[in-house]
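Please look over the sequence and the model shown below before reading on.

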Amino acid sequence: PLASLKSVLTASCVGYSPVTVSNRILFVSRRSSLRSVLAQACLTHMARHHFIAHFCGQPGFVERSIHPAALRALDGARIPVPAAPPRSWSELWRTGPLRLDIVVMLDEKVMGNVPSWPGQPISALWVLEDAAALADPGEAERTAMRNLYSLQRRLELLVNLPLGRADPSAIRSDLRDLGRMG
């Protein structure tokens with residue numbers, strides 16, 4: 001099953017046509033070493049001309065490096081690894097607040113701790129299993145690959161939403177519905 005997921009991801013995470021407007025999105029997970037890395041890398045790979053994607057984690061929980069399972073999943077899908085290291089939202093804002101359109105939290109544990117995001121971006125929760133918390137490296141890698149596949153399906157739908165042209169409440173609802181996908 002892992003090989004078939006890799007082939008689906010490799011075939012599906014392809015560039016979309018460039019557009020003139022960029023939407024800024026932030027992916028948040030607790031440690032910022034796996035789930036948010038996968039989300040940022042996949043969206044940048046498939047729609048870098050349409051989205052500017054960032055990732056971060058909760059201060060005090062952020063890992064120093066990208067988790068090996070994330071590196072293997074991205075390598076298997078032939079998706080470039082983000083150049084930026086894992087960082088907290090405090091570190092991300094050191095140079096000044098980012099203008100964000102969308103914030104996607106990938107971990108329920110960060111929900112009560114997130115700051116008030118500047119500009120009141122649309123936010124959504126897309127819960128993914130925490131592969132970085134798994135002790136077995138093989139299971140962590142399989143879970144990371146499943147997470148990447150799940151993110152890829154959600155992000156393909158996100159890329160095709162009429163952002164900027166639709167009612168913000170409809171977009172908010174659509175983003176939250178994407179979080180309920182299996």
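Predicted model: local features only at pLDDT ≥ 70, side-chain atom pairs only at ≥ 80, totals over all residues.

Student: In what order do the elements of the protein chain run from the N terminus on?
Tutor: The protein chain has 6 helices and 4 strands, where helices (H or I, at least four residues) and strands (E, at least two) are DSSP runs numbered from the N terminus. From that end on, their order is α-β-α-β-α-α-β-β-α-α.

Student: What percentage of the residues of the protein chain count as buried?
Tutor: Buried means under 20% relative accessible area, exposed means over 50%, and partly exposed lies in between, with a 1.4 Å probe and protein chains only. Of the 182 residues of the protein chain, the part that counts as buried is 48%.

Student: How many of the 13 residues of H2 are buried?
Tutor: Helix H2 covers residues 35–47, and it reaches 18 Å from its first C-alpha to its last, close to the 18 Å expected at 1.5 Å a residue; the expected span is 1.5 Å times one less than the number of residues. Its buried residues include Arg35, Gln40 and Met46. H2 is largely enclosed by the rest of the structure, because the number of buried residues among its 13 is 11.

Student: Are H2 and H3 roughly parallel or roughly antiparallel?
Tutor: Two packed helices are described by the angle between their axes and the distance between the axes. Helix H2 packs against helix H3 (residues 68–76) at an angle of about 20°, with the axes 9 Å apart; the axes are lines fitted to C-alpha atoms, for helices over the stretch in contact, and angles run from 0 to 180 degrees between N-to-C directions. Angles under 35 degrees count as roughly parallel, over 145 as roughly antiparallel, 65 to 115 as roughly perpendicular and the rest as oblique. The angle therefore makes H2 and H3 roughly parallel.

Student: Which residues of H2 and H3 make the contact?
Tutor: Contact means heavy atoms within 4.5 Å. By class, the contact of H2 with H3 has 6 nonpolar, no polar and no charged residues; Ala, Val, Leu, Ile, Met, Phe, Trp, Tyr, Cys and Pro count as nonpolar, Asp, Glu, Lys and Arg as charged, and the others, Gly among them, as polar. The contact is formed from Val37, Leu38 and Ala41 of H2 together with Ala70, Ala73 and Leu74 of H3.

Student: How many nonpolar, polar and charged residues does the contact of H2 with H5 have?
Tutor: The axes of H2 and helix H5 (residues 137–159) come within 9 Å and cross at roughly 45°, and the two helices are therefore oblique to each other. Among the residues that meet are Arg35 and Leu38 in H2, and Asn147 and Glu156 in H5. By class, this contact has 11 nonpolar, 2 polar and 2 charged residues.

Student: Is serine 88 buried or exposed?
Tutor: Serine 88 is found in the loop between H3 and H4, and, not counting residues up to four places away in sequence, it touches Cys56, Gly57, Gln58, Pro59 and Val62. With a relative accessible area of 6%, serine 88 is buried.

Student: Is arginine 78 buried or exposed?
Tutor: Arginine 78 is found in the loop between H3 and helix H4 (89–92), and it has a positive phi of about 60° although it is not a glycine. Its relative accessible area is 63%, so arginine 78 is exposed.

Note on methods: Residues numbered from 1 in each chain as written. Heavy atoms only, no water.
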